[in-house]
Amino acid sequence: MMPPTGRETASPTNPNIEAIAKLEHQALLRRTPTERASDAITKLIGSTAFLLFQVLLVLTWSAINLSLIPGVKVFDPFPFGILALVISSESVVLTIFVLISQNRMARQTEKRSHLDLQVGMLAEQELTAMLQMQHKICQHLGIDVESEKHELKGFSDATDVGKLASDLEDRLPDK
């Protein structure tokens with residue numbers, strides 16, 4: 001007998017992983033040019049290199065304007081008003097880019113949440129149908145399930161998602 005090929009021994013989760021990866025690639029392709037730029041800028045400013053650049057910029061600026069570097073003319077004397085303006089303006093612009101990226105990611109997370117809810121509801125419907133079929137099989141085979149019927153009754157009924165959400169909201173503490 002020949003050993004199984006790589007395809008035959010593949011994990012049953014591989015199709016799921018590939019489907020998720022495909023969804024992620026599609027989401028990246030659907031980004032607007034502004035969102036693409038925002039993501040690129042957010043990635044850059046979230047790096048150690050950018051942090052080091054900022055620290056180096058402030059240290060160099062301070063050294064020049066405190067006359068610590070001979071032969072270089074002071075252009076922004078202490079308390080460094082121009083530096084404060086540059087850093088403040090940079091902060092505002094960078095914050096906007098970060099917020100654009102976060103908004104896109106929040107929308108994507110909400111879509112994933114809706115997908116998770118749909119998959120969960122389908123799984124619940126399938127399990128309910130299976131419990132109902134098992135109950136009918138037990139009845140057909142003459143297996144006494146009356147003692148368990150009360151406990152199983154709640155599981156074999158379809159879940160009312162609206163009522164479930166309402167009950168959950170009523171029981172959760174207010175923030």
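This is a predicted model: local features need pLDDT of at least 70, side-chain atom pairs count only at pLDDT 80 or more; totals for chains, interfaces and linings use all residues.

Guide: Helices (H or I, at least four residues) and strands (E, at least two) are DSSP runs, numbered from the N terminus. Residues are numbered from 1 along each chain as its sequence is written, and side-chain values use heavy atoms, with hydrogens and water left out.

Visitor: How many helices and strands does the chain have?
Guide: There are 6 helices and 0 strands. Along the sequence, the pattern reads α-α-α-α-α-α.

Visitor: Is Ala40 buried, partly exposed or exposed?
Guide: The general idea first: buried means under 20% relative accessible area, exposed means over 50%, and partly exposed is in between (1.4 Å probe, protein chains only). Ala40 has a relative accessible area of 48%, so it is partly exposed. Over the chain of 175 residues, buried residues make up 13%.

Visitor: Now helix packing, please. What describes two packed helices?
Guide: Two packed helices are described by the angle between their axes and the distance between the axes. Axes are lines fitted to C-alpha atoms, for helices over the stretch in contact, and angles run from 0 to 180 degrees between N-to-C directions. Here, the axes of helix α3 (residues 48–65) and helix α4 (residues 81–141) come within 11 Å and cross at roughly 160°. That makes α3 roughly antiparallel to α4; the cut-offs are under 35 degrees for roughly parallel, over 145 for roughly antiparallel, 65 to 115 for roughly perpendicular, and oblique for the rest.

Visitor: Which residues make the contact of α3 with α4?
Guide: From α3 come Phe50, Gln54, Val58 and Trp61, and from α4 come Ile82, Leu83, Ile87, Glu90 and Leu94. To sort them, Ala, Val, Leu, Ile, Met, Phe, Trp, Tyr, Cys and Pro count as nonpolar, Asp, Glu, Lys and Arg as charged, and the others, Gly among them, as polar. This contact has 7 nonpolar, 1 polar and 1 charged residues.

Visitor: How many salt bridges are there?
Guide: A salt bridge is a side-chain nitrogen of Lys or Arg within 4 Å of a carboxyl oxygen of Asp or Glu. By this rule there are 4 salt bridges. One of them joins the side chains of Arg112 and Glu24 at 2.5 Å, N to O. Arg112 sits in helix α4 and Glu24 in helix α1 (residues 14–29), 88 residues apart. Arg112 is partly exposed at 36% relative accessibility, and Glu24 is partly exposed at 29%.

Visitor: Which residues does a network of salt bridges link?
Guide: Arg31, Asp39 and Arg104. Asp39 meets Arg31 at 2.8 Å, N to O, and Arg104 at 2.9 Å, N to O. Asp39 lies in helix α2 (residues 33–45) and Arg104 in helix α4, so this pair ties together parts 65 residues apart in sequence. Asp39 counts as buried at 13% relative accessibility, Arg104 counts as buried at 11%, and Arg31 is buried too.

Conventions
Contact means heavy atoms within 4.5 Å.
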